[in-house]
Amino acid sequence: IKWLSLVIPTEEGNIMNRIYYGHCIKDYDTDKANQNKESLRNMGFQVIDPSIKLYDSKVNKMRKEGKTSAEIMDFFLGVVGNCNHLAFALTDEGKVSAGVGKEIEIMKQKGGTIIQMPNLNSLEVMSIEETRNYIRS
């Protein structure tokens, strides 16, 4: 993995509260993603979001330069490496996309905090009986 020196856009706040929000490209700019980012901000995190226009411009420039998908992914792994925490969202199928999986590995290696965001739209709630059986098992 190549670590790239880059400037991460910042909002006011403590640099130690910088959290990268990893989610599948298919989920960029969806209600789910926006709700998750808002929740993270409400918890006091400064959210670093790979779907913002700044990164779109960078990716488009890299593509014009002939960079491969792997090289573009390395860029985002460098962004993750410059954060202190990572939050990620599963796909609607309950899986982690390949790129998000790599981002999680980087944060695990770094020893940062990793948070799995819930998908409140597909949350399965146990019945009382299921809950009791679960507790007894």
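**Cores, charge pairs and confidence in a predicted model**

Tutor: Of the 137 residues of the protein, 36% count as buried. The model is predicted: local features need pLDDT of at least 70 and side-chain atom pairs count only at pLDDT 80 or more, whereas totals for chains, interfaces and linings use all residues. Residues are numbered from 1 along each chain as its sequence is written, and side-chain values use heavy atoms, with hydrogens and water left out.

Student: Why does Ile 106 count as buried?

Tutor: Buried means under 20% relative accessible area, exposed over 50%, and partly exposed in between (1.4 Å probe, protein chains only). Ile 106 has a relative accessibility of 4%, and therefore counts as buried. Ile 106 belongs to helix H4.

Student: What makes a set of residues a nonpolar core?

Tutor: The members must be buried Ala, Val, Leu, Ile, Met, Phe, Trp, Tyr or Cys residues, joined through side-chain atoms within 4.5 Å. The largest such core has 19 residues, and Tyr 20, Phe 76 and Leu 86 touch the most other members. At least two residues come from each of helix H2 (53-64), helix H3 (69-81), strand S3 (85-89) and helix H4 (98-110). H3 contributes the most, with seven residues. Another core, of nine residues, lies apart from this one and includes Phe 45, Val 47, Ala 87 and Ala 89. In soluble globular proteins, nonpolar side chains tend to be buried together.

Student: Which residues does Leu 86 touch?

Tutor: A contact means heavy atoms within 4.5 Å. Leaving aside residues up to four places away in sequence, Leu 86 touches Ile 19, Tyr 20, Val 80, Glu 103, Ile 104, Met 107, Thr 113, Ile 114 and Ile 115. Across the protein, 73% of the contacts between residues at least 6 apart in sequence join residues at least 24 apart.

Student: How do you know that Lys 37 and Asp 49 form a salt bridge?

Tutor: A salt bridge requires a side-chain nitrogen of Lys or Arg within 4 Å of a carboxyl oxygen of Asp or Glu. For Lys 37 and Asp 49 the closest N and O atoms are 2.6 Å apart, and the pair therefore meets the criterion. The bridge links distant parts of the chain, with Lys 37 in helix H1 (residues 31-42) and Asp 49 in the loop between strand S2 (46-48) and H2, 12 residues apart. Both Lys 37 and Asp 49 are buried.

Student: How many salt bridges are found in the whole structure?

Tutor: The search finds six. One of them joins Lys 108 and Glu 105 at 3.2 Å, N to O; both residues lie in helix H4, three residues apart, about one turn of the helix. Salt bridges with shared partners also join Asp 27, Lys 32 and Asp 92 into one network.

Student: Why is Val 125 called exposed?

Tutor: Val 125 is exposed because its relative accessible area is 69%. The residue lies in the loop between strand S4 (113-117) and helix H5 (128-136).

Student: How confident is the predictor in this model?

Tutor: The average pLDDT, the predictor's confidence in each residue on a scale from 0 to 100, is 86, and 89% of the residues score at least 70. Over residues 1-13 pLDDT stays under 50, and the model has 31 contacts beyond four places in sequence for them.

Technical notes: Helix = DSSP H or I, 4+ residues; strand = E, 2+ residues; numbered from the N terminus.
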